[in-house]
Amino acid sequence: MRIIPAVSLSLLYLSLIVAVLGIGLLTASLPKQNGEISLPGLEAAVTVASDALGNPSIAAKSREDAFRTLGFLHARDRLFQMELMRRKSAGRLAELFGPSAVKLDRKQRSYQMVKTADRIVNDLPADQRQVLDAYVQGVNAYIRQTSIVPPEFLALQHHPEPWQAADSMLVILGMFQTLNGQEYDERMVSVMQQALPADVVTFLTPDTDRYASVLIGGNTSHRFSQSIPVQAWSALPDDMPLSAVDGVDTDNVVAGSNNWVVAGSKTVDGRTIVANDMHLGLGVPNVWYRAELHYPNRHLFGVSLPGAPAIVVGANDHVAWGFTNATADLLDLIRLELKPDQPNWYRTPQGWQAFEQHDETIHVKGAEDIQITLQSTIWGPVSDQPLLSKPVAVKWTALEPHAVDLGLINMDSVQSTQQAMSVLNQTGGPPQNVVIADKQGHIGWTYMGRFPNRLGFDGLMSQSWADGNVAWQGFIAPEQLPRLLDPPEGFMVTANNRTLGSEYPHVLGHNWALGYRAFRIAELLREGQKLSEQDLFMMQMDTRSEVLDFYQQLGLEALSKSADKDEVLQDIENTLKAWDGHMHTTSIGATFLIEFRQHLAVQVFAKVVAAGRRQDADFHYGWRGMETPLRQLLSERPPGVLNTRYRDDWQPMILDTLHKTHQQLQQQFPDTPLTQLSWGKTHPVAVQHPISKALPALSSLLDMPRFDSDGCASICVKVMDLTHGASQRLVVSPAHPENGIFHMPGGQSGHPLSEHYRDQQPFWQNGIAAAFSATDKTNVLYLLPD
């Protein structure tokens, strides 16, 4: 037997001691769930009763005490998540993560969100400011009281700074940016305008599709060309660079959601029901935090955003509501005309004006500080990224006065659908489609948030505002926002799709999500009668993808015309015939069809990408409505579209694309024959903690186990992609909340050793209906005034 040297034994013992101490330290950082805790600032004692999943029910004597307690609980269970969100918006991640975060910090600093957050706080109405101040007190009470900070802080050797009122606004601005703050669309179309004939641009950027489900304003849209611009397309150069093969994104996943509301005429006993699943990037802990608040004459329950004092979606005792991202156009990139020989001056309608500018320091962990200079214009901050080699200013609703507030807290007092509409129309924040139901049997849909009132243009592409002919004239008035109450069909659906026709007097967006999800939900609702919460929950699990039927038939038709099918083509034909029309884990052919569609789009739009890359090397064509021009081109097959090697013959192109798709999948999955390649095998879902992405060795501790899942990125109702999916699902009737259904990934706690870190994962992962509001409470915490 080999004798271990004394030094090795000493190191082994030392490692064991460090490990034991580390586990002890991590265990000691678990927060208290029972007993009594002093919470400074409370007006009276508060009771927090939590169920078996750690979901708290707060009973307070005042609104301020209820939200003060919510702040305490957010910090107790999600402090590191809150820390990351405020730092990301402010551009301060490099202070924790070093040089790898500098690029993102530079980008975030260019928006100057810290200044915006300070202004939002100062502009809040008195009642909202009181709630915010109470919430901040609760967060800071936890930070001050905790002797051992959560594990992520221990690992980073960082202690959180006190929470500021502006930090809550930074959290909301961060969500605003996720949902409605991307520059991509306008950059893409601006490059297309420069690179392509106007009729080609119009054809490639429709604002409607064959699945359109419009709620008001008529069926026609603002921007749709039914004819293919064959002559203009044929004239495009054919010399596609190799770099252009990755230039089409058929999914172009949007941070979106599904929501719908059903009237009593279609339900089992006349109750109205709201269903909602919000789609975001998946992570640990989950974006949302479940909470229930009781205070005098008020009762709210649903999900909150850690860092902010509000119930985002959920219900009170009278109404229920759910959100989907409005997918509106809320950001313009203004081309700046610089003064010759004086590049620090730009032209405005009032003449030449100097940029406002100031210096900031990015502190970088483990490296030298970085000094940057930020510029602003009368319209907004100057982007850190030029557009077509020209500087642009960012005009974005999130940065405008009064675009963000805490108006959602007033949902605590609404008692009808119409009252809820009024509150939501006047509430600032990321603009949303909202569906609403009340106990009296009314259902409704409207918009929440601020939308720019554009004059002289529609906002689709970048242009100069220097001559004063185009501008924003404030926001569209709340009373002018669209509303629909009690439609005769008995339901309303939105899924980031176009909901407005051209008769509505304002253009609110262009690049809507493909309408299939809304179309499919409406199809299921029309078929349904005597619907219950369980029925609507099962609709949320629906995986039918009619979109891919077209590509299945396209491939089979091409194969039927092939006189000499080799073994590969025979396998492809068998695979296409095997597809069951769904995106189940067991579905054969689903993966092939997804990849086949992508490869076809690359072939069909090759000239477009090549032309765009000549203007901008990073150009991608990712219009969400590209299904419309793609299908039309594949159906009509005009000359001049394909690479000249095909001599305008689409049949060999389709066969080549079938071969290419087969080759790609065989390379990716060499051990699985194509006829046995299931959707689940190629579609593992990862729900990761941000720390494990940098330190994979911690994955088993921090991440949820990978799993195969039904669903897809964007073309079925159940949205579940590799790292993107339903961040929650709820179904609730305001008349019968006891029958409500809810689930979300992960758990309530952000602490990896907590029993509530992953205990809600099985319900969400396996599509199991869990109670929205549990009656059995297993832990009681008493918060006492100091």
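Q: What makes strand E7 (residues 298-304) and strand E8 a pair?
A: Four bridges join E7 to E8, and the two run antiparallel; strands pair if DSSP finds at least two bridges between them, so E7 and E8 qualify. Strands here are DSSP runs of at least two residues (E), and helices runs of at least four (H or I), numbered from the N terminus. Phe 301 stands opposite Ala 315 in E8. The model is predicted, with pLDDT of at least 70 required for local features and 80 or more for side-chain atom pairs, whereas totals for chains, interfaces and linings use all residues. Residues are numbered from 1 along each chain as its sequence is written, and side-chain values use heavy atoms, without hydrogens and water.

Q: How do you know that E8 also pairs with strand E9 (residues 319-325)?
A: Two bridges join the antiparallel strands E8 and E9, which meets the requirement of at least two. Trp 321 in E9 is the bridge partner of Gly 314. Two residues lie between E8 and E9 in their hairpin.

Q: Which residues of E8 (residues 313-316) point each way?
A: Val 313 and Ala 315 point one way, Gly 314 and Asn 316 the other. All are buried, that is, under 20% relative accessible area with a 1.4 Å probe, protein chains only.

Conventions: Buried < 20%, exposed > 50% of the residue type's maximum accessible area, 1.4 Å probe, protein only.
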